[in-house]
Amino acid sequence: MRRTDAAKQLGRFVREHRTHGARRLRQVGIWLVVGAVGTAFGVPVAIASVGTTDGAPGLAGLLLGVGLVGWGLGIWRLVQAFRTREQSFDIHERGFTHRVAGTATVIPWEDVAQVSTSGGDGRPLADARGMGSTCEIRLHSGRRIRVDSFTEDLRALAVVVHRAVHLGQFPQGRGR
């Protein structure tokens, strides 16, 4: 891994936290299949239920709803996967480097205004879906970096940033 001169100014490298893009893309595929199946079954049931008042219109609505939710979540995750492709966080002694799609932004600890986290909300498999634990890093410039549970060891990343920004406990580089 090649480090830039700006990243070298942040001090020794401590550790890296990568975002699992492949996991996110698998989830995209699952949601799009759910959308396609819901739509594929919902449209014929809706057509067949025209003019009836039995249970078919309710079933058609349910299937079409499932299809719509599947398509919506699949497209949302696809956009998210595209926007955060190859994302990683390189933690250094005096800051971190945020890498996304080949672009690296060097962020010293002094530029971070606030770190907020939300723990797992107790929903089954929420972290596996990327919807459980999250971390938001706000910079003084107003920029926000959102990190979800697709990132390796999200809790450790949040703890390191919180300690450095709010407690002045900076991470120690290798060899110390």
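Trp76 sits in helix H3. Helices (H or I, at least four residues) and strands (E, at least two) are DSSP runs, numbered from the N terminus. Trp76 is partly exposed, at 42% relative accessible area. Val28 lies 48 residues from Trp76 in sequence, yet the two C-alpha atoms are 8.4 Å apart.

The model is predicted: local features need pLDDT of at least 70, side-chain atom pairs count only at pLDDT 80 or more, and totals for chains, interfaces and linings use all residues. Residues are numbered from 1 along each chain as its sequence is written, and side-chain values use heavy atoms, with hydrogens and water left out.

## Overall fold

The protein chain holds four helices and seven strands. Their order along the sequence is α-β-α-α-β-β-β-β-β-β-α. The chain has 176 residues, and 36% of them count as buried. A contact means heavy atoms within 4.5 Å. Among contacts between residues at least 6 apart in sequence, 60% join residues at least 24 apart. The chain exposes about 10,100 Å², and carbon and sulfur atoms supply 59% of that area. Accessible areas come from the Shrake-Rupley method with a 1.4 Å probe; for residues, only the protein chains shown count as cover.

An unreviewed UniProt entry places the feature "transmembrane region" at residues 28–47 and 59–79. UniProt positions follow the numbering used here, feature names are shortened, and annotations may be inferred rather than shown by experiment. In the model, residues 28–47 are 100% helix and 0% strand, with end C-alpha atoms 28 Å apart. Residues 59–79 are also 100% helix and 0% strand, and their end C-alpha atoms are 30 Å apart.

Which residues form a nonpolar patch on the surface? They are Ile30, Val34, Leu59, Leu62 and Val66, with about 420 Å² of accessible area together. Patches are made of residues with over 30% relative accessible area and no salt bridge; like charges are joined within 9 Å, and nonpolar side chains (Val, Leu, Ile, Met, Phe, Trp, Tyr) within 5 Å. Helix H2 (21–48) and helix H3 (56–83) each supply at least two of the patch residues. H3 gives the largest share, three residues. Val34 belongs to H2. Val34 counts as partly exposed, at 30% relative accessibility.

## Salt bridges

A salt bridge is a side-chain nitrogen of Lys or Arg within 4 Å of a carboxyl oxygen of Asp or Glu. By this rule the count is seven.

| Pair | Closest N to O distance |
|---|---|
| Arg24 and Asp148 | 2.4 Å |
| Asp148 and Arg77 | 3.8 Å |

Arg24 forms a salt bridge with Asp148. Arg24 lies in helix H2 and Asp148 in strand S7 (residues 144–148), so this pair ties together parts 124 residues apart in sequence. Both Arg24 and Asp148 are buried. Asp148 also forms a salt bridge with Arg77. Here strand S7 meets helix H3, so the Asp148 and Arg77 pair ties together parts 71 residues apart in sequence. Relative accessible area is 9% for Asp148, which is buried. Arg77 is buried too, at 1%.

Is Glu136 buried or exposed? Glu136 is buried, with a relative accessible area of 12%. Salt bridges with shared partners join Glu136, Arg138, Arg144 and Arg146 into one network.

## Polar contacts

A polar contact is a pair of N or O atoms within 3.5 Å; within protein, one must be able to donate a hydrogen and the other to accept it, and residues adjacent in sequence count only if both atoms are side-chain atoms. Asp90 is found in strand S2 (residues 88–92). Asp90 counts as buried, at 1% relative accessibility. Its side chain makes a polar contact of 2.7 Å with the side chain of Arg99.

Thr19 is in the loop between strand S1 (13–18) and H2. Thr19 is buried, with a relative accessible area of 11%. The side chains of Thr19 and Thr151 are joined by a polar contact of 2.9 Å. Leaving out residues up to four places away in sequence, Thr19 touches Arg24, Gln87, Phe150 and Thr151.

Conventions
Buried < 20%, exposed > 50% of the residue type's maximum accessible area, 1.4 Å probe, protein only.
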